[in-house]
Structure formats: structure tokens, C-alpha cells
Amino acid sequence: MSESDGSVKEWLSKNRSKGIRLLQRLVQEPSTRGNEAGAQAVIIEKCREMGLELDIWEIGKDELPAHPLFCSDRKDFSGNPNVVGVWKGTGGGRSIILNGHIDVVPEGSRDDWKYDPYSGQIKDGRLYGRGATDMKGGTVSLLLALEYLIAAGKELKGDVIFQSVIEEESGGAGTLAAVIRGYKADGAIIPEPTNMKLFPKQQGSMWFRITVKGRAAHGGTRYEGISAIEKAIAVIASLQELEKTRNERVADPLYKGIPIPIPINIGKITSGEWPSSVPDTAVIEGRIGVAPEEDMKMAEKELETVLNSLSEKDGWFIENPCKVEWFGGRWQPGNLDIGHPLMNVLSASFEKVAGEKPKIEASPWGTDGGILSGAGGTPVIVFGPGTTEAAHDADESISLDDMFNAAEIIAECILEWCS
């Protein structure tokens, strides 16, 4: 039987070991920020093997830094390119973007890992390593789906645009660069770790830094000073109240199973230089979640207004207001109607393969989907293997069965969408 005679399930079964080896190779490349080149080389090799039209470029050398959605503290992207591979259709059909990010977060303490974080160790049907679930497993699902369609001799009317981008974990500069370069489509799939659920809506988020002032004094006469730490406690309490208020407004049924749809997280606090001194400054850093339909600027304003109102309860803040900075990572929200044609096609493909209807939710975290939809006008669904719980954690791993099932579903979706 030739490859063109078999189903996608049969082809994936026949090529299972090759797909696993591809994921191993990607995981074995430690593609942390600024070190993406090795993993991208593996991607480039695979795209060339499939005969895709390749576009490889270093971002940041055009209008990217001036774009209003650009956010990155990284000044030099050289040596770590974006990679796009295009499979041209015959014309007249709907196009699709398959978007995956190649960058991974640092591995943390290796003592916390059962296996080396870049080993690609396989145990009990799972592959272990940093990036396995977030999101190199999803990227392999995309490549397997595309490779099957090419090997099976399928002819599509619409273009299929595969993207392997850098910088997702720090705000999406890689995907934004692809949008600026002209890559847009009639639909897009991002295979982040959704545990095989469909996410037509994605939470946005942004980082903030709040500087709280105090007055220094000797610890022995602390009553002569004003502790910035104690004032920071009041600031944190106001943020907790804001989180409660903002989440009470979220009525979208897709967030029904998520306890806090748009969290405000305090990730870092620094204050003081000496145990016997009253600290005169405290710095709070965190991230605020943004609802799919919410404007980022309005979310900024709401947080700033709450901090300004502290002076109504504590006169200290009248003369010493908090300073707020919006810095670093920023992920745009995404909001696709659940009745969109791409949702219908992907849902039908899921049901065809899995034998049941997919679970549809809204994502509790940000993705590059907001950039694709907001800046590129491309409808986006986030759907992929892997679980959020495993991402960014020690012993990150992915179910290999889920990776191949996702590949089968995505292949069926592409075939229907682009035909």
C-alpha cells in the first residue's frame, strides 16, 4: 500500500518512531531565550525534507521595534531566527497558519528533575524534558499533520503556513515579526498545551512594577520611620480586592471551570538592605490578567485608579503616591466567536478522530493568538497536546499518544479547511 492509500491514523502509526525522534531532538536542544538557533536548525531541516518554501530571517531589523504591540527588553535577536515554511495551495481555498513557538523557559534547579531536563527521556508513554509540553510536542503535531498531507499526495486549494517563532515566552515578538512580514491567513491553530481542549478565547496579561515609598529610620526607633514593607502590604491588599472585583464581572460560560479567570499575581517583592533599618522603598512586581474582550489600556487604568485611591484610606499616600510601571512581558487577549467556521471544522475533526465532542473553554493564560488576531486579523484557536500543569515545572513531560492524536485531528482539520 502506498502512502497515498492509507488514512492519517495508519500513516501516523507507521511513522510513530520518526515523530518521537523528532520531538526528542527538539527537546535535546535547550532553546531558552537567546539560544533558539539549535532547535530552529532541526525545524529547518524538517521543513526542507518536506519540500516547504522556507523563509528564515532575524527579527528586529525592520519596523518591529516601533510597532505599538512590540514589547521586549531584548535588544539583539541575531543568530536566532524565525522560521516559516509554506505549502502553497492550488488557489481559491481558505489558508491556515500553524503557529508554534520554539523558545522555552529556563529549567530551574536540575536537582528537582528526575531526568535530565534536556534528555528527551521516554517512560511509560511520556517524553520528559523542558519544552516537551510547552510547546515542542504541539509543534511536532503540526509537522506530522503537514507531513502526512504532503506524503499522501493531498491537493489543497488554500496555503498552509507553518511558523516556528522565537520570543513567545517574553511577549510574542517573534509572531509579531511574522505578522509584520505579511503572514496572515483565514484561520490559525496554535497547539499550546490545552489538554486537548479547544480554546477560542485567550486571556491576555501584562507585567507591572509598583514602587512603594516609606521613610528610613533606625530599627531601634522604628516609630520614627515609615516602613515601605508595611505600606506594600496595604498595596497588595488593594490588588487582591481589585482581583475579586474584576473576576466578579466575568460571566463568560467558557470560564465556568476556572476559579479565577483573570488573576492578579504578585511574583516578586524586594525591600530593605539591613535588618536593623526601616526600609524606605519596596518594589512589587506581578502580572494582571486581561479578559478576552477587554482593552489592555482599560485594565491598566483600572489598576492605576485603585492605587491612587489608597490616599483616601491612608494619608501617607497623598504625598507619597505609588509609582506604576508597565514593563516586560505583555500578551494580547484573543476572542473568537464559538460559532466561527474554523471552530466548526476543528470541532468536527476532533469528533471524527476522538469519537466525542471536544471540551471548549477559555485559556487561563496568554498566547501569541492575540497578536495573530489583533495585529494580523487572523482568527485563532488554541488547541494542542500537553497540560498546563506540566508546563514550566520540573519533570515537564507530554503524553506521546496525545501528541499523535492531536496531529491526526489537525491533519483532518487542514484537509477540510483548506480544500
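## About the model

What you see is a predicted model, where local features need pLDDT of at least 70, side-chain atom pairs count only at pLDDT 80 or more, and totals for chains, interfaces and linings use all residues. Residues are numbered from 1 along each chain as its sequence is written, and side-chain values use heavy atoms, with hydrogens and water left out.

## Two domains

The protein chain splits into domain 1 (8-202 + 333-418) and domain 2 (204-330), with bounds that come from an automatic or database domain assignment. Where they meet, 16 residues of domain 1 are in contact with 15 residues of domain 2; contact means heavy atoms within 4.5 Å.

An unreviewed UniProt entry carries the annotation "domain: Peptidase M20 dimerisation" for residues 202-313. UniProt positions are given in the numbering used here, feature names are shortened, and such annotations may be inferred rather than shown by experiment. In the model, this span is 30% helix and 29% strand, and its end C-alpha atoms lie 36 Å apart. Helices (H or I, at least four residues) and strands (E, at least two) are DSSP runs, numbered from the N terminus.

## The nonpolar cores

A nonpolar core is a set of buried Ala, Val, Leu, Ile, Met, Phe, Trp, Tyr and Cys residues joined through side-chain atoms within 4.5 Å. Buried means under 20% relative accessible area, exposed over 50%, and partly exposed in between (1.4 Å probe, protein chains only). The largest core has 85 residues, and Leu98, Val160, Phe383 and Ile414 touch the most other members. Helix 11 gives the most to this core, with 12 residues.

Leaving aside neighbours within four places in sequence, its contacts include Trp87, Leu98, Leu146, Ile414 and Cys418.

An open sheet of 3 strands has the order 4-5-18, with antiparallel pairing. Strand 4 (122-123) and strand 18 (397-399) are the edge strands, each pairing on one side only. Two strands pair if DSSP finds at least two bridges between them; strand 4 and strand 5 (residues 126-128) have 2 bridges. Lys123 has Arg126 of strand 5 as its bridge partner.

Helix 11 (residues 400-418) packs on this sheet, touching strand 4, strand 5 and strand 18, and its direction makes about 60° with that of strand 18. Helix 4 (residues 132-151) lies across strand 5 and strand 18, running at about 45° to strand 18. Axes are lines fitted to C-alpha atoms, for helices over the stretch in contact, and angles run from 0 to 180 degrees between N-to-C directions.

## An enclosed strand

Strand 13 (residues 281-290) is largely enclosed by the rest of the structure, because 9 of its 10 residues are buried. Strand 9 (residues 204-213) runs antiparallel to strand 13 and is joined to it by 10 bridges; here Phe208 stands opposite Gly286. Strand 11 (residues 264-271) is also antiparallel to strand 13, with 7 bridges, and Ser271 has Ala282 as its bridge partner.

Most residues other than glycine have a negative phi, and most peptide bonds are trans. Glu167 is not a glycine, yet has a positive phi of about 70°. Glu167 sits in the loop between strand 6 (160-165) and helix 5 (173-180) and is buried, with a relative accessible area of 1%. Met196 also has a positive phi of about 70°; its loop joins strand 7 (188-190) and strand 8 (198-202). The peptide bond from Asp134 to Met135 is cis, with omega near -10°, and Met135 lies in helix 4.

Thr378, between helix 10 (369-374) and strand 17 (380-382), is buried at 1% relative accessibility. Ile226, between strand 10 (217-218) and helix 6 (228-248), counts as partly exposed at 21%. The C-alpha atoms of Ile226 and Trp316 are 9.0 Å apart, though 90 residues separate them along the chain.
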